[in-house]
Amino acid sequence: MHVNVIPRRLALLMAGLVALALPVAFGQSATASTPSPVTWHVRVGTETPDMAVSAMSFLPRQVWINRGDTVHWTAGSAEPHTVTFLAPGTTLPDFNPFDTTQTTAQGTHRYDGTAYTNSGIIATQPIFTFTKPAASYDLKFTKTGNFTYYCLLHGVMMKGVVHVRAAGTAYPYTQADYNQVGHQQGQVLLARGMRAWQEAKEAHPATGGAVQVGIDGMGFSVMRFIRTHATVHVGQSVSFAVAGPGAPHTVTFGQEPPIPAVLMPSGDPTHYAGGDLNSGVIAPGTPFVVTFTKAGKFSYICAIHDGMGMVGDVTVLP
Ligand SMILES: [Cu+2]
């Protein structure tokens, strides 16, 4: 990429000089040659076609634009994200799905580096309590500077930078360059997630009472139970465990409780023979242990990520 950037940069510079020279030659004002604003495209996250692995990244992570240009962010995954510029001097807050200043658009569609400006939830489909996520977000940059932004859900792991330079500055990269870099960055994260998923499958026996609930790594999340199909005998237990801090998950049998009740445990996991049973959000270090007292096949979902295919079942043999 860097190889062909330099000639293009020179070519752009020369084109700029010609454009500047023409109005002078024809006795027009120099402002007539001010280039028209450009809209740049950044993808917000990406995922595998089955939505099992999600990449938490702005793609690409950095863009170099000029004052007056617009950045257009487009949802790239069912996993929700935000595009959030913090007010100067403030720190990144913990994500709260019930705080509307985090989940809905805040500020105008113009950004000058002074105010909290937030897209609200961006995603390709409804998820959890976010029933109407935005598919895209636009921001016009009216001041020069280097502006860091975050996804409120994924914190410091998911940040981007918009470098805003003076109007008329030659662009170092084209949209095609950004598309290529963004695609590569996304593929690297998805490959990392696929590898972690494969390793977890190999580490978990096909039968028995251990189910791993999702996988979280640097820049990726696997929205699956491992293994999806567990088999035990009557009187035995299945332990559903998250490996560490990361995306929130539940194990929910039967009727799905409403939000926010679904985030809290309900039912008796010590004698399960079918019906309603909910883990609430499973905390790291505190597995949800279900003891099965009846033979049969029992299906369950993650109440947050079932729309992404995060479902499983336990076969209980006599
Ligand atoms: Cu989940």
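## A hairpin, a copper site and a pocket

The hairpin of β1 and β2 has five residues between its strands, and Met51 there takes a positive phi near 65°. Strands here are DSSP runs (E, at least two residues), numbered from the N terminus. This is a predicted model, in which local features need pLDDT of at least 70, side-chain atom pairs count only at pLDDT 80 or more, and totals for chains, interfaces and linings use all residues. Residues are numbered from 1 along each chain as its sequence is written, and side-chain values use heavy atoms, with hydrogens and water left out.

**Strand β2**

Two strands pair if DSSP finds at least two bridges between them.

| Strands | Bridges | Direction |
|---|---|---|
| β1 (residues 39-47) and β2 | four | antiparallel |
| β2 and β12 | three | antiparallel |
| β13 and β19 (residues 311-317) | five | parallel |

Ser54 of β2 is the bridge partner of Glu47. Ser54 also has a bridge partner in β12, Ser221. Seven of the seven residues of β2 (residues 53-59) are buried, so the strand is largely enclosed by the rest of the structure. Buried means under 20% relative accessible area, with a 1.4 Å probe and protein chains only. Val53, Ala55, Ser57 and Leu59 point one way, and Ser54, Met56 and Phe58 point the other. In a regular strand the side chains alternate between the two faces of the sheet.

**The open sheet**

Five strands form an open sheet in the order β13-β19-β18-β15-β16, with mixed pairing. Its edge strands, β13 (229-233) and β16 (277-278), each pair on one side only. His233 stands opposite Leu317 in β19.

**The copper site**

His249 (ND1), Cys302 (SG) and His305 (ND1) coordinate the copper ion at 1.9 to 2.2 Å. Donors are N, O and S atoms within 2.8 Å of the metal (3.2 Å for Na, K and Ca); water is not among the atoms, so sites may look incomplete. His249 lies in the loop between β14 (237-241) and β15 (252-253), and Cys302 in the loop between β18 (296-301) and β19, so the pair ties together parts that are 53 residues apart in sequence. Both His249 and Cys302 are buried.

**The largest pocket**

A pocket is an open set of points on a 1 Å grid where a 1.4 Å probe fits, with protein on both sides within 12 Å along at least five of seven lines; lining residues have an atom within 4 Å of a point. The lining of the largest pocket has 28 residues, and Phe95, Leu153, Gly246, Ala247 and Pro248 lie nearest its centre. Domain 2 (35-190) and domain 3 (204-317) both give residues to this lining, so the pocket lies between them. The domain bounds come from an automatic or database assignment.

Note on methods
Buried < 20%, exposed > 50% of the residue type's maximum accessible area, 1.4 Å probe, protein only.
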